[in-house]
Amino acid sequence: MSYDKMTNPEFDNDEITIDLTELFMVLWSEIHIILLSGILMALLAFVGTKLFITPLYTSTTQMYVLTKQDSNSSVTYSDLQTGTQLTKDYMVLIKSRPVLEQVISVLNLDIEVEKLADMISVETETDTRVLNISVKNEDPRVAKEIADAVREAVGIQITEIMDAEAVNTVQEGNLATAPSSPSVMKNVLIGGILGLIVSIGIIVLIFVLDDTVKTPDDVEQYLGLNVLTSIPLHAGTEKAKKSKKVRGKTAKKLMRNMKK
């Protein structure tokens, strides 16, 4: 049975009052659906990560730029600050077109410059001039080769353009043994949480939009009428079915007796 809010003048406005206790009870009664949704979404995230996302391997190499001021016996604090600021320029040069084109030429890569740039990330340690060049690729060996080639190519550019003293290698690119992305555990966790949130949201939405009268209290609250009595429909229906069966059996017995 549905009700019309306009029948009760107390509910002429569009405000909706939510009983948090009742809402919690509804959520608790549907807890099996909520948990099942979370498990299902987590399983889908696991399968999707394994089947549809290509694992990537990361190789990282480090380099240190030695400026001409560093070769002098007296190095001031301002010289160190200047060298630190220059690392930002070095980071730009690493992903510049001449450097990337040289890497493509040396390794004979069949790849666009823009795509190669997307595979490279550069960062510097805080208050240092040590540059970290990281490369992601589907093949760990290719990732290492690109990282080392980028370091060598940008070293030439820095010494020629920035007039640096030398570019020293702190460490060569490592050969990754495990993929760095995607994170299966992270995706499964996100999928499970998303499944829980979506299922809870749907249940809450159905609860809020449900305008049916279910109990005598709903009649008094929404229609402003006093309930004198209530008829248990389900119990009455079951009793009616039982009585029909009894009457049916009795009629059959009477028919048999009449035939005799």
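Residues are numbered from 1 along each chain as its sequence is written. Local features of this predicted model need pLDDT of at least 70 and side-chain atom pairs count only at pLDDT 80 or more, while totals for chains, interfaces and linings use all residues; side-chain values use heavy atoms, with hydrogens and water left out.

Helices (H or I, at least four residues) and strands (E, at least two) are DSSP runs numbered from the N terminus. Strands of a sheet pair through backbone hydrogen bonds, either parallel or antiparallel. In this model, four strands form an open sheet in the order β2-β3-β1-β4, and their pairing is antiparallel; two strands pair if DSSP finds at least two bridges between them. Strands β2 (120-124) and β4 are the edge strands, each pairing on one side only. On average, neighbouring strands of the sheet are turned by 30 degrees against each other, direction ignored.

Strand β1 (residues 57-66) is largely enclosed by the rest of the structure, because seven of its ten residues are buried, that is, under 20% relative accessible area with a 1.4 Å probe and protein chains only. Eight bridges join β1 to the antiparallel strand β3 (residues 130-137), and Thr-61 stands opposite Ile-133 in β3. Towards strand β4 (residues 166-171), also antiparallel to β1, there are five bridges; here Met-63 has Thr-169 as its bridge partner. Strands β2 and β3 are likewise antiparallel and are joined by five bridges, with Val-122 opposite Ile-133.

Helix α6 (residues 140-161) lies across β1, β2, β3 and β4 and runs at about 20 degrees to β1. Contact means heavy atoms within 4.5 Å. Axes are lines fitted to C-alpha atoms, for helices over the stretch in contact, and angles run from 0 to 180 degrees between N-to-C directions.

Phe-24, Met-25, Trp-28, Ile-31, Leu-35, Leu-196 and Ile-200 make a nonpolar surface patch of about 670 Å². Two or more residues of the patch come from each of α1 (20-29), α2 (31-52) and α7 (184-209), and α1 gives the most, with three residues. Accessible areas come from the Shrake-Rupley method with a 1.4 Å probe. Leu-196 is located in helix α7.

Conventions
Buried < 20%, exposed > 50% of the residue type's maximum accessible area, 1.4 Å probe, protein only. Patch = residues over 30% accessible without salt bridge, like charges linked within 9 Å, V, L, I, M, F, W, Y side chains within 5 Å. Salt bridge = Lys/Arg side-chain N within 4 Å of Asp/Glu carboxyl O.
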